[in-house]
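Biologist: Please take me through this one, a topic at a time.

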Amino acid sequence: ALCPSSFAARFSVRPAPTDVMKTIARLAVLGAVACGSAWADSETEALHAQLAAFEAEFRRFSQHESTLNDRIAALESSQRRLAVAELEAWAIANNTGGIAMNAGSIADLQSASDHTWLILCGAMVMFMQAGFAMVEAGCCRAKNVQNILMKNLSDVCVGTICWWAVGWTLAYGIGSGENNAFANDGQAFGTSFTEVDKDGTFTPSNTMLAWFFQWAFCSAAATIVSGGVAERVQFPGYLLYTIFMTSWIYPVIVHWTWGYGWLSGGTDYQINPVGFMDFAGSGIVHMTGGVGALVGAVVVGPRANRFDNGLESFDPHSLPLIVLGTFILWFGWYGFNCGSTLSMASAAKGQMAAQVAANTTLSAATAGLGVLALRFAIYRKYDIGGMCNGILAGLVSITAGCGNVEGGSAVLIGLIGAFIYQGSSSLMQKIKIDDPIDAFSVHGACGAWGVLAAALFDWGTGVDYFNGWSGWGCVQNEAGDGCRSGAFGEALGANILEILMVLLWSGGMSAIILVPLRVLRLLRADDDTQEKGMDVVKHSPNKAYSMDQKA
C-alpha cells in the first residue's frame with residue numbers, strides 16, 4: 001500500500017520547479033527502487049512457492065501416469081491372452097474335423113504299413129517252398145525228382161484249401177464267439193472275413209491279412225514231412241496225410257500257442273500267467289513238421305536196399321540244387337522270423353525286426369560253420385551238403401528265440417544247434433531210420449532245442465525276470481509297476497511243456513493217420529517201383545532231366 005506500482009509514474013509526470021523537482025525525482029527514484037526490490041523479493045518467493053507446488057504436482061502426475069501405464073499394459077496383456085484364447089477356441093472349434101481327419105490318416109498309414117510288411121513277408125515265406133523243393137530234389141536220386149516236386153507243389157495247393165476251409169477256423173477263428181482253450185470253431189471257409197450290407201457294400205477287415213501270413217506257415221509245416229518219406233511213398237496216401245496235417249494237426253497246435261489257447265500266458269484257462277515263448281515257430285512249425293517226418297519215416301520204412309551194404313548209391317544227385325535251395329530258404333527265413341513282429345507301424349517294431357534279422361543271420365552262419373567243422377573232423381573231407389543242413393539247423397534253432405535274445409546268445413544257440421543236428425543225424429543212421437534229407441534232425445531235434453533255448457537265453461535279468469513276448473522290456477507284475485518275479489521259471493516250464501505236447505500231438509496224430517494207410521497198402525510204394533524210379537512208373541514225361549546229346 002505504501003509503494004504502489006504507479007508511485008514513480010505519478011511523480012515523474014507532474015511539473016514542478018526545477019530544484020524541487022530534481023529533489024523529488026531523486027526521492028521518487030530511490031523510493032521506486034526500494035519498493036521495487038521489496039516487491040521483487042515477494043514475487044520471487046511466490047514464484048518459488050508456485051514452482052515447488054508445480055513440481056510436487058508433476059511428481060504426483062508422473063506417479064499417476066506410471067500407475068496408469070502399468071494398468072494399460074496389464075489390460076493390453078489380458079486382451080492379448082483373451083485374443084489368443086479366443087483364437088485357440090476358434091481353431092479347435094473349426095478344426096475338429098481336421099484333427100480327426102489327421103488321426104484317421106495316421107491310422108490308415110499304420111494299417112497300410114502293416115499290410116505291406118506282412119504281405120511281403122508272407123510272400124517270402126511262401127517262396128521258401130522253392131527252397132524246400134530244391135533241397136529235397138537235390139538230396140534224392142534223379143529218378144524220383146518229378147515225384148518229389150509234385151509232392152511239394154501239392155503241399156502248397158492242398159494246404160491252401162484246407163487252411164481256408166477249416167485250418168484257420170481251428171487256429172484263430174473266433175468269429176463272434178469267445179476264444180477257446182483247445183480250438184476255435186468260427187470263420188470256416190472264410191466266412192465273416194468281410195461284412196456286406198443289403199445294398200452289396202462290403203466292409204473289409206484285417207482278417208484276410210492274418211489269414212494270408214499264417215497260411216504260408218501252414219504250408220511250410222506240411223512240406224517238412226515230405227522230405228522224411230521221400231522216394232518211397234505213394235502220392236494218394238501222402239495227399240491224405242497232407243490234408244490231415246493242414247486241417248487238424250498243425251492248426252490245433254497253433255491255437256494252443258499263437259491262437260491264445262491254453263499254452264499262452266494268462267489267468268483264465270492258460271497254463272500260467274507268463275506262458276510259452278516261441279517267437280516264429282521253432283516248435284509250432286518246425287518241430288511239428290519234423291516229428292511228422294520222423295513218424296512217417298518209421299511207418300513207411302527205409303527205401304529199398306537203403307541199408308544193404310552199398311548195393312545201391314543213395315548219394316545226393318545234385319549238390320548245386322541243395323546249395324541253391326539252402327540260399328532260398330535262408331532268404332525266405334527273414335520273412336519267416338522278421339515278419340513275426342506282425343506289424344511295422346512304429347519305430348520299436350522296426351527295431352525288433354532288425355534285432356530278429358541279426359540274430360537269424362548269426363545263428364545260421366555259426367551252425368553252418370560248426371557242422372562243416374564237425375563233418376571234417378569225422379570224415380576228414382569237406383561235406384557241402386552237411387554244411388547246408390547245418391545252416392538250416394541254425395535257422396531252426398534261433399526261430400523261437402530270435403526276438404528275445406542277444407547277438408552273442410544267438411551265436412551260442414547256433415553252435416549248440418550244430419552239435420544237436422549232427423548227433424541226431426548220426427543217431428538216425430545208427431538205428432537205421434531212413435530220413436533222406438535229415439528232416440527230423442534239422443526241424444524236429446533243432447526245433448525242440450530252439451524252444452528250450454528261447455527260455456534259457458532270454459535277455460531278462462538273471463533267472464527270475466523274463467522278457468519273452470514283451471520284447472525290449474520285462475514281463476510286468478500284476479500291478480504293472482515292475483518286473484514279475486518268478487517269470488523265468490514259469491516261461492521255462494511252459495516251453496518244456498510245449499516241446500512235450502508237440503511231440504505227443506504231432507507224433508500221435510501222424511501215427512493215427514499213417515499206420516492205417518500203411519496197413520491198407522496205400523502208403524509205401526513197392527520195391528519194383530522204387531527200383532525203377534517213381535518218375536518212370538508214375539509220371540509223364542518219365543524223367544526230370546533231358547541230357548541227350550545230339551551230334
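Biologist: Is phenylalanine 189 buried, partly exposed or exposed?

Modeller: Phenylalanine 189 counts as partly exposed, because its relative accessibility is 48%. Buried means under 20% relative accessible area and exposed means over 50%, with partly exposed in between (1.4 Å probe, protein chains only). This is a predicted model, so local features need pLDDT of at least 70 and side-chain atom pairs count only at pLDDT 80 or more, while totals for chains, interfaces and linings use all residues. Residues are numbered from 1 along each chain as its sequence is written, and side-chain values use heavy atoms, with hydrogens and water left out.

Biologist: Where is the place of phenylalanine 189?

Modeller: Phenylalanine 189 sits in the loop between helix H3 (145-172) and strand S1 (195-196). Helices (H or I, at least four residues) and strands (E, at least two) are DSSP runs, numbered from the N terminus.

Biologist: And which residues form the nonpolar patch on the surface?

Modeller: Ile161, Trp164 and Phe189 make up that patch, and together they have about 320 Å² of accessible area. The area comes from the Shrake-Rupley method with a 1.4 Å probe, and for residues only the protein chains shown count as cover. Patch members have over 30% relative accessible area and no salt bridge; nonpolar side chains (Val, Leu, Ile, Met, Phe, Trp, Tyr) are joined within 5 Å, and like charges within 9 Å.

Biologist: New topic. How many cavities of 30 Å³ or more does the structure hold?

Modeller: Two. On a 1 Å grid over the protein atoms alone, a cavity is a set of points where a 1.4 Å probe fits but cannot get out; a pocket is an open set with protein on both sides within 12 Å along at least five of seven lines, and lining residues have an atom within 4 Å of a point. Points are joined across faces, edges and corners, and a volume is the space filled by probe spheres set on them.

Biologist: Which residues line the largest cavity?

Modeller: Among them are Phe132, Glu136, Thr223, Leu392 and His443. Helix H2 (18-139), helix H4 (207-228), helix H9 (384-399) and helix H11 (439-456) each give two or more residues to that lining. By class, the lining has eight nonpolar, three polar and one charged residues. Here Ala, Val, Leu, Ile, Met, Phe, Trp, Tyr, Cys and Pro count as nonpolar, Asp, Glu, Lys and Arg as charged, and the others, Gly among them, as polar.

Biologist: What about the second largest cavity, where does the largest share of its lining come from?

Modeller: From helix H5 (residues 235-256), which gives three residues. The lining includes Val225, Gly237, Tyr238 and Leu523. Its residues divide into eight nonpolar, one polar and no charged.

Biologist: On to the largest pocket. What volume has it got?

Modeller: About 950 Å³. The largest pocket has 38 lining residues, and Tyr260, Ser340, Thr341, Leu342 and Trp469 lie nearest its centre. H4 gives the largest share, five residues. The lining divides into 19 nonpolar, 17 polar and two charged residues.

Biologist: How many charged residues are in the lining of the second largest pocket?

Modeller: Eight, along with 13 nonpolar and seven polar. The volume of the second largest pocket is about 670 Å³. Of its 28 lining residues, Pro316, Arg375, Gln429, Pro436 and Asp438 lie nearest the centre. The largest share, six residues, comes from helix H10 (407-430).

Biologist: Now salt bridges. What does the count come to?

Modeller: Ten. A salt bridge is a side-chain nitrogen of Lys or Arg within 4 Å of a carboxyl oxygen of Asp or Glu. In one of them, arginine 306 meets aspartate 434 at 3.5 Å, N to O. That pair links distant parts of the chain, 128 residues apart: arginine 306 is in the loop between helix H6 (282-300) and H7, and aspartate 434 is in the loop between H10 and H11.

Biologist: Is aspartate 434 buried or exposed?

Modeller: Aspartate 434 counts as buried, because its relative accessibility is 2%. Arginine 306 is partly exposed, at 25%.

Biologist: How far apart are aspartate 528 and lysine 532?

Modeller: Their closest N and O atoms are 3.4 Å apart, in a salt bridge. Both are in helix H13 (residues 527-532), and because they are four residues apart, about one helical turn separates them. Aspartate 528 is partly exposed at 43%, and lysine 532 is partly exposed at 47%.
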